[in-house]
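Open the model in your viewer and keep the sequence panel beside it.

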Amino acid sequence: MAKNTGIPTVDLSVFSTEDENEAKKKAFETIFQACSSYGFFQIVNHGIPVEFLKESLEVSRTFFHYPDDIKLKYSPKPGAPLLAGFNKQKKNCVDKNEYVLMFPPGSNFNIYPQEPPQFKEQSEELFKKLSKVCLLLESIVNEGLGLPPDFLKQYNNDRSWDFMTTLYYFSATEEGENGLTHHEDANCITLVIQDDTGGLQVRKDGEWIPVVPVEGAIVVNIGDVIQVLSNKKFKSATHRVVRQKGKERFSYAFFHNLHGDKWVEPLPKFTEEIGEKPKYKGFQFKDYLAMRLKNKTHPPSRVEDEIRITHYEIS
């Protein structure tokens with residue numbers, strides 16, 4: 001485990017071989033422990049060149065430094081299921097950031113900025129690379145939960161609801177100002193690429209642990225879908241972004257999602273088969289997503305009134 005990153009670091013290259021070996025077993029154990037306790041770890045040697053990740057962050061920085069009149073040309077079209085294109089948070093929103101949201105390459109909803117000229121190509125290439133990493137991680141999670149081979153791959157076999165955002169957090173005037181309020185992700189698995197500014201924090205044993213940036217590393221967190229399917233055996237990570245004084249932050253987040261029509265409920269393997277009561281009521285994924293989106297578009301006056309996965313908890 002890396003000493004100072006705050007979360008365990010896993011060398012993903014050990015999973016590129018079919019052979020069982022000590023390094024693979026150790027990496028698997030590290031991921032299993034992280035998913036069982038707080039849902040956060042980071043990966044290195046994941047097959048995406050460090051230089052490519054740096055270029056992607058540079059493209060993001062270039063775009064967000066353009067004046068608003070250029071950026072607003074790429075605002076979402078009405079009718080997209082999520083706000084694809086450039087978004088600026090509303091004045092009253094507790095989150096202080098701007099972002100560009102993208103669906104898979106080829107989606108009709110995508111609105112790519114034309115400047116810088118390489119934005120579209122870089123984003124589409126990054127999207128494909130991160131999607132590939134997620135498929136490997138999904139198979140590792142599948143094994144960690146002791147599910148039948150390829151169970152999650154077959155259950156979650158439609159990639160059209162996956163999406164990626166690149167985010168710009170303004171520098172803070174005072175230390176410790178909010179950039180993205182504490183939350184869990186609704187999806188299956190999230191990947192985060194962050195610059196060297198820092199500010200990402202994960203909640204572990206009631207404390208906020210800073211996720212110290214490591215060049216070329218990708219942060220992984222487990223989302224609500226996995227927590228519900230596993231009846232809380234694997235945990236959805238609670239995390240936030242705290243803005244730094246005088247320092248901007250640029251990042252990418254990739255969401256390995258689930259198709260909206262899918263039904264989500266604790267699997268029998270983690271309930272009746274082991275004599276446990278389900279901890280959640282079942283739900284259609286798009287219903288939950290719609291409520292989560294409303295948190296963003298019509299923020300409640302109190303953060304604690306936001307809809308989270310606890311909405312479906314059976315007390």
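**Stop 1: R308**

Select R308, in the segment that follows α7 (285–297). Keep in mind that this is a predicted model. Is R308 buried or exposed? Its relative accessibility is 14%. The cut-off for buried is under 20%, so R308 counts as buried.

Now show what surrounds R308. Beyond its neighbours within four places in sequence, R308 is in contact with H182, H183, E184, Y288 and V303. Of these partners, select H182, H183 and E184 together to begin with.

**Stop 2: the whole chain**

Zoom out and colour by secondary structure. The protein chain has seven helices and 14 strands. Its radius of gyration is 19 Å, close to the 20 Å from the globule rule for 315 residues, so the chain is as compact as a globular protein of that length. Along the principal axes, the C-alpha trace spans about 60 × 40 × 40 Å.

Colour by burial next. Of the 315 residues, 50% count as buried. Then turn to contacts between residues at least 6 apart in sequence: 77% of them join residues at least 24 apart.

**Stop 3: the cores**

Go to the largest nonpolar core, which has 65 residues. Which members touch the most others? Select L137 and L191. The element that gives the most to this core is α4, with nine residues.

Another core lies apart from the largest one. This other core has 22 residues, among them I7, F163, L167 and V192.

**Stop 4: α1 against α4**

Select residues 22–37 for α1 and residues 119–144 for α4. Two packed helices are described by the angle between their axes and the distance between those axes. For α1 and α4 the angle is about 80° and the axes are 10 Å apart. The two helices are therefore roughly perpendicular to each other.

Which residues meet here? From α1, show F28, I31 and F32. From α4, show I140, E143 and G144. By class, this contact has four nonpolar residues, one polar and one charged.

Technical notes. Residues are numbered from 1 along each chain as its sequence is written. This is a predicted model: local features need pLDDT of at least 70, side-chain atom pairs count only at pLDDT 80 or more; totals for chains, interfaces and linings use all residues. Side-chain values use heavy atoms; hydrogens and water are left out. Axes are lines fitted to C-alpha atoms, for helices over the stretch in contact, and angles run from 0 to 180 degrees between N-to-C directions. Helices (H or I, at least four residues) and strands (E, at least two) are DSSP runs, numbered from the N terminus. Angles under 35 degrees count as roughly parallel, over 145 as roughly antiparallel, 65 to 115 as roughly perpendicular and the rest as oblique. Contact means heavy atoms within 4.5 Å. Ala, Val, Leu, Ile, Met, Phe, Trp, Tyr, Cys and Pro count as nonpolar, Asp, Glu, Lys and Arg as charged, and the others, Gly among them, as polar. A nonpolar core is a set of buried Ala, Val, Leu, Ile, Met, Phe, Trp, Tyr and Cys residues joined through side-chain atoms within 4.5 Å. Buried means under 20% relative accessible area, exposed over 50%, partly exposed in between (1.4 Å probe, protein chains only). The radius of gyration is taken over C-alpha atoms; the globule rule is 2.2 Å times the number of residues to the power 0.38.
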